[in-house]
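I record below what I looked up, entry by entry.

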Amino acid sequence: VKFSESTDMALYQILNLRTKTAQDIIDAGKSQNAQDIYLEYLENWKEVIELIGYEDQDNYEIYTRAFDKRLDRIDSWEMEGSKSFGITLAEIYAHAGLANVMYGDYMSGFRKFLKANNLSRKNLKDYPDYWPNYKLRGALNISLDQMPAILKWLTSLLGLKGDSEKGLQQIDTYLARVQDYPGLKSEALIYKVFTMKMKKDEEGAYQMLQKELKGEIPPTLVKYLQANVMYLTSRNDEALTVLESFPENFTEVPFLHVDYLKGKSKMNKLEKDANLYMLRFLEGSKFKNYKREMYSNLSYYYLINGNVDKYTFYKKQIAKCAKATSDRDREANIEAERPYPPHPELLKARFLINGGYLDQGGKILNTIPVNTLSIPAYRTEYYLLRAKVHTHENNYPAAKHYYDMAIEYGKNQKEHYAIEAALLAGNLSFDYGHIDAA
């Protein structure tokens, strides 16, 4: 593969969600060389990105047929001895696997990820010093190492093992080589953020992006990931600033995820127009994932704002959604099945504290007499929220005290608050060097 300004611009525009512009560049390249596997890679990546935006089953069926034809076309080429062929084909399979998984075709996706792993591993063995190997190999190393326990038995059975530290080193090596290519660098950052999130290192991802994007104009997908990491690390105002900077009618692919994240970020700030963005996401999205979460948040929005009828209406919509696989949707299911409503003031404090608005959240907690919390889960969450405030304030003794109270008070409850408190208390003790307590 020879990385040129034109192919890098095509990649940048794909990640910028300007896929028609990217296709024009790809077509121009194919008119010069119809047997360039990197152009096939770009076109396949572009089509996968469009599937994310359009969320259409018919388009997915068209894509799967086009993918098979793409493989037939590539198989007809003579590429023996090419360092780039194996790793580029591996990435084509990996992106196709991503499309399969997004549309619920999990077995096809697994087979393609397996193919991508085998091809990339062989290419690394054949060409160990060829640095373009390192992006995908690094991502796979981390993904396999961080696989959920329920799936690890299967990957181990197939002889698939990962190494997170090695994977990060590989991605960093790749990233250092592509600093002068905006498209390649942006793509590498996407890979690195996803793998760092798999490792639960959102803070590290935030710091990394702050450094790498300083003085740069990132494409839309990188910008969105930056806002997402800001949201996850309780930098809610920063997330909203990035989300507000997305220009209207700029992308050539619909991207409802901006409304999704903006609605959640505005909920964290208890802003009155948060419902508008959540409703817009629900009205436009054809994917099953995140709908239960959005209906749950909408019900909370109306409960906080005193509209019990709409709270009840949107809570009932949760059960009507198709079964989803995201953690947030599963959490929405659990909360919707509880035989009691959330405590409105605790709910306000929960959102504010999640957004990093500690003063406002703490003031609300100060208005709640603990002995008035008649439902046991309310009191457990109260202690948990108190602990989170003290954690953000770097007040270890107070945070540990309230985590312990949440654990002790909630240890026999079905709700997740005591478990969350135990996990956060362990992380906190580890960070402060109290290994035995962790």
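**Entry 1: Salt bridges**

I began with the charged pairs and counted 32 salt bridges in the structure. The model is a predicted one.

I looked up Arg-70 and found its salt bridge with Glu-43, where the closest N and O atoms are 2.7 Å apart. Arg-70 belongs to helix α4 (residues 57-75) and Glu-43 to helix α3 (residues 37-54), so this pair ties together parts that lie 27 residues apart in sequence.

Next I took Lys-185, whose side chain meets that of Glu-216 in a salt bridge with an N to O distance of 2.7 Å. The two are 31 residues apart and link distant parts of the chain, with Lys-185 in helix α10 and Glu-216 in the loop between α11 (202-212) and α12. I noted a contrast in accessibility: Lys-185 is buried at 3%, whereas Glu-216 is partly exposed at 38%.

My next pair was Asp-237 and Lys-269, a salt bridge whose closest N and O atoms are 3.0 Å apart. It also links distant parts of the chain: Asp-237 is in helix α13 (residues 236-244), Lys-269 is in the loop between α14 and α15 (274-284), and 32 residues separate them. I found Asp-237 partly exposed, at 39% relative accessibility. Lys-269 is likewise partly exposed, with a value of 33%.

Which residues are linked with Asp-237 in a network of salt bridges? I traced the network through Glu-244, Lys-262, Lys-266, Lys-269, Glu-271 and Asp-273, together with Asp-237 itself.

**Entry 2: α12 against α14**

I turned to helix packing. Two packed helices are described by the angle between their axes and by the distance between those axes. For helix α12 (residues 220-232) and helix α14 (residues 257-268), I read that the axes come within 11 Å and cross at roughly 25°. Angles under 35 degrees count as roughly parallel, and α12 and α14 are therefore roughly parallel to each other. The crossing of α12 past α14 is left-handed.

I listed the residues in contact. From α12 they are Tyr-224, Ala-227, Asn-228 and Tyr-231. They meet His-257, Val-258, Tyr-260, Leu-261, Lys-264, Ser-265 and Asn-268 of α14. Sorted by class, this contact has six nonpolar, four polar and one charged residues.

An α-helix has 3.6 residues a turn, so residues three or four places apart point the same way.

**Entry 3: α1 against α10**

I looked up a second pair, helix α1 (residues 5-15) and helix α10 (residues 182-198). Their axes come within 7 Å and cross at roughly 45°. This angle makes α1 oblique to α10.

On the α1 side I noted Asp-8, Leu-11, Tyr-12 and Leu-15, which meet Pro-182, Gly-183, Leu-184, Ser-186, Glu-187 and Ile-190 in α10. By class, I recorded six nonpolar, two polar and two charged residues in this contact.

Which residues of helix α19 (residues 344-354) are buried? I found Leu-346, Leu-347, Ala-349, Arg-350, Phe-351, Leu-352 and Ile-353.

Most residues other than glycine have a negative phi. I noted Asn-249, which is not a glycine and yet has a positive phi of about 60°. Asn-249 is placed in the loop between α13 and α14, and it is exposed, with a relative accessible area of 78%.

I also noted Asn-394, another residue other than glycine, with a positive phi near 60°. Asn-394 lies in the loop between α21 and α22 (396-410). At 59% relative accessibility, Asn-394 counts as exposed.

Terms used. Residues numbered from 1 in each chain as written. Predicted model: local features only at pLDDT ≥ 70, side-chain atom pairs only at ≥ 80, totals over all residues. Heavy atoms only, no water. Axes fitted to C-alpha atoms, helices over the stretch in contact; angles between N-to-C directions. Helix = DSSP H or I, 4+ residues; strand = E, 2+ residues; numbered from the N terminus. Parallel < 35°, antiparallel > 145°, perpendicular 65-115°, else oblique. Left-handed = near helix turned anticlockwise from the far one by under 90°. Contact = heavy atoms within 4.5 Å. Nonpolar A, V, L, I, M, F, W, Y, C, P; charged D, E, K, R; others polar. Salt bridge = Lys/Arg side-chain N within 4 Å of Asp/Glu carboxyl O. Buried < 20%, exposed > 50% of the residue type's maximum accessible area, 1.4 Å probe, protein only.
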